[in-house]
Structures are given as C-alpha cells and as structure tokens.
Amino acid sequence: MSRFFSEKYAALTPYTPGEQPRERKFVKLNTNESPFPPSPLAVRMAQAEAEKLQLYSDPECRDLIEAAVDTLGVNADEIVFTNGSDEILNFAFMAFCDESHPALFPDITYGFYKVFAELNGVPYREIPLRDDFSIDLRDYVSVRGTKFIANPNAPTGIVLSVAEIERIVSSSPNDMVIVDEAYVDFGAESAVPLTRKYDNLLVTRTFSKSRSLAGARLGFGIASPSVIRDLNTVRYSTNPYNVNRMTMAAGVGALKDAEYFESARSTVIENRAWTAAELEKLGFTLTDSLTNFIFAKHKSAPGADIYAKLKENGILVRHFDTPRLKDYNRITIGSAEEMKTLVDTLKIILK
Ligand SMILES: *Cc1c(COP(=O)(O)O)cnc(C)c1O
C-alpha cells in the first residue's frame, strides 16, 4: 500500500477471481464460462463495429435496448445495461444501501456482495444459510434492509421459487430486493415478471454465462422505471460509456440469435445431468444445481485434494477454502468431451 491510499480503502479485501492460467492449456471448469464460442452473428456484428472505435459508444444503449424489447419482453424504460452484471450489482449497492438501508445477504453466496458493501462503506449483515445451504425465508421476510439474493445461488446452485421471492419482496415494500439471476437461463424460473407488480425489486442478469460473452462484459438490470432511473443516475455519474461499441453489437447479435442461445443452454443442461449422474456413481454428493456448474463433495476424498489432483491432470475447478465449503468443489459444466475427460480423470484419481 502506498502512503497515498485513502484510509477508507485500507482494510478492503478485493474479490479473488478464478485462475485464468496462460502457461498451460487446461480444461477450464473453474469460472463458469460457456464452453461454446459466442453466436456467429454476435461475432460478425462486433467485428463490424471495430472499425468505428474512434467514436464513443451510445450512452443510451439504444440498439441493445431495442433488441431487448423485441426478445426479452421488457419495455425500454424497464432495463439498463452495464459492464458485466458486476457493475449493476455495484450500482445497486451505491444506489440502495446506506446507514438506514444495510445490505443483507447469505453467508454463502457470490463473493462480490461483501466486497461491494465494503467498497461503498455501507453496513452489511451476512445471514447464515441452513446446514443444507438452503435459505431460511424467515431471515428475509418482513426484515428491514436491502437484500441481495443470487437465484440460483452461487456456488451451491440452489434455487428459491419465484413464490418464495415474492414473499420476501411483498413483505417489506420499503426495502429493495436485488435478485441476481446470473444463472437463471439454465433451468430456474425468473422473477422478472414480478418487476411489473413490485417497485422494490431489481433483477440482474448477465451475458457472461448463458450467452458466451464473459470477455465482452455485458450485464443488465430489469426493474420498474423509477428504479432504472436511479441506476442511470449512478451510471451517468460514473461512466456513461460503460458498454463499449463492440460489446453493444455483440449483445444485439446474441439476443437476436435465439436458436444459438437455446441450443447452447440446453446442451449445458444435458451435460449437467450426465455429469451429475456419473459423479454420483463415483461417490460424490451434489447439491440440487440449476446452473451451469455442479457443487460436489466426495464421501471420503477431501475437496482440496480433489482440486489439486485435477489440476495436476490439467483440469481446473474452483475450490473454496472456507470451513463450510472446503469439502466441495464447484465444477463448471463444459462440453460433453470436457465432461468425459473430467469423469475419466476422477476415476483414476479416486482409485
Ligand atoms: C458470474 C456472476 C456474476 C457476474 O457476472 P458478470 O460477468 O460480471 O456479468 C454475478 N453474479 C453471480 C452470482 C455470478 O456467478
């Protein structure tokens, strides 16, 4: 730390991203990226845009919003696009948390929530999940505070039903609820329809997982027009050009190529079912994941050992070295071939 670093950040522990190795070609099952390249239409549209990079991008994101209106069934004033969904989550902490609106989220969830709370200097409370990693609704229903709920949750993959989300949202109309649907396209039900009924709900989504655009950085939020206006106030006060030209074009292409999207996500869902069944045969217990990853614990081999052995064999998964998670590994669902390599390698390792 230099002597110039502001005291307000001195104690900040930044988010630790999953490894992105360069030295060796790994089967990469550690950061929940898509195993498939982006839609060819998204690639073509982004390439064409490269030749206009001397010009700023459209701060109103009009092309993207039009494509979203056509494909996602939202109105133009109900959506805002951001630089990955991490950015809209940060905007939500900026916009909707303060001393009288502390942030509330589970003790086991997306690690960035705590980082954003600390970055923004807002009070927060981590609410323990039950032993089986499920949310106890009583911790959120009629409780004051701005609630952040990843649904499905990460790294467990476990979902709350939309009826349960609605109970939380409706029980406390003066408290914002942010539902992070980064993984919703892999089989869970979306809370987006509730945003027309409740103005205290923001649903966030990303193009990083189901739309194969993690490297482009594109996310969005859906909420009532007044909540979207607040988020735009924050956005225009930080970086109105937060979505660059190539990403904007790629996003339009990805939204328009519905066929590609459907095929990619149904392949992931099929590969998840196959992998889960194979891992169970090998003595793993899995949470009930509706995402593009599984969360697996072996009946005898420690999680850290499995992680290390897989890495030696060229397969990267994500291991969290915390008391409640250390027995598990989070394994991204890759292509059928990658999943076969994983299962074959595990068979050897566990011998
Ligand atoms: C991956 C992820 C995000 C962020 O994704 P971006 O790449 O920033 O869009 C947000 N929430 C959860 C739960 C995630 O797993």
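Started with the largest cavity: its volume comes out at about 50 Å³. For my notes, a cavity here is a set of points on a 1 Å grid over the protein atoms alone where a 1.4 Å probe fits but cannot get out. The volume is the space filled by probe spheres set on the points, joined across faces, edges and corners.

This is a predicted model, with local features needing pLDDT of at least 70 and side-chain atom pairs pLDDT 80 or more, while totals for chains, interfaces and linings use all residues. Residues are numbered from 1 along each chain as its sequence is written, and side-chain values use heavy atoms, without hydrogens and water.

I counted three cavities of 30 Å³ or more. Lining the largest one (an atom within 4 Å of a point) I found Ser-39, Ser-210, Arg-211, Ala-254, Asp-257, Tyr-260 and Phe-261.

Next, the ligand. I looked up where it sits: the largest pocket. A pocket is an open set with protein on both sides within 12 Å along at least five of seven lines, and sitting in it takes more than half of the molecule's atoms within 2 Å of its grid points.

Then I went through polar contacts (N or O pairs within 3.5 Å). Asp-180 puts a side-chain N or O atom 2.6 Å from a ligand nitrogen. For Arg-217, a polar side-chain atom is 2.7 Å from a ligand oxygen. A polar backbone atom of Asp-86 is 3.0 Å from a ligand oxygen. The ligand alone exposes 390 Å², and the protein buries 92% of that (Shrake-Rupley, 1.4 Å probe).

Key: A polar contact is a pair of N or O atoms within 3.5 Å; within protein, one must be able to donate a hydrogen and the other to accept it, and residues adjacent in sequence count only if both atoms are side-chain atoms.
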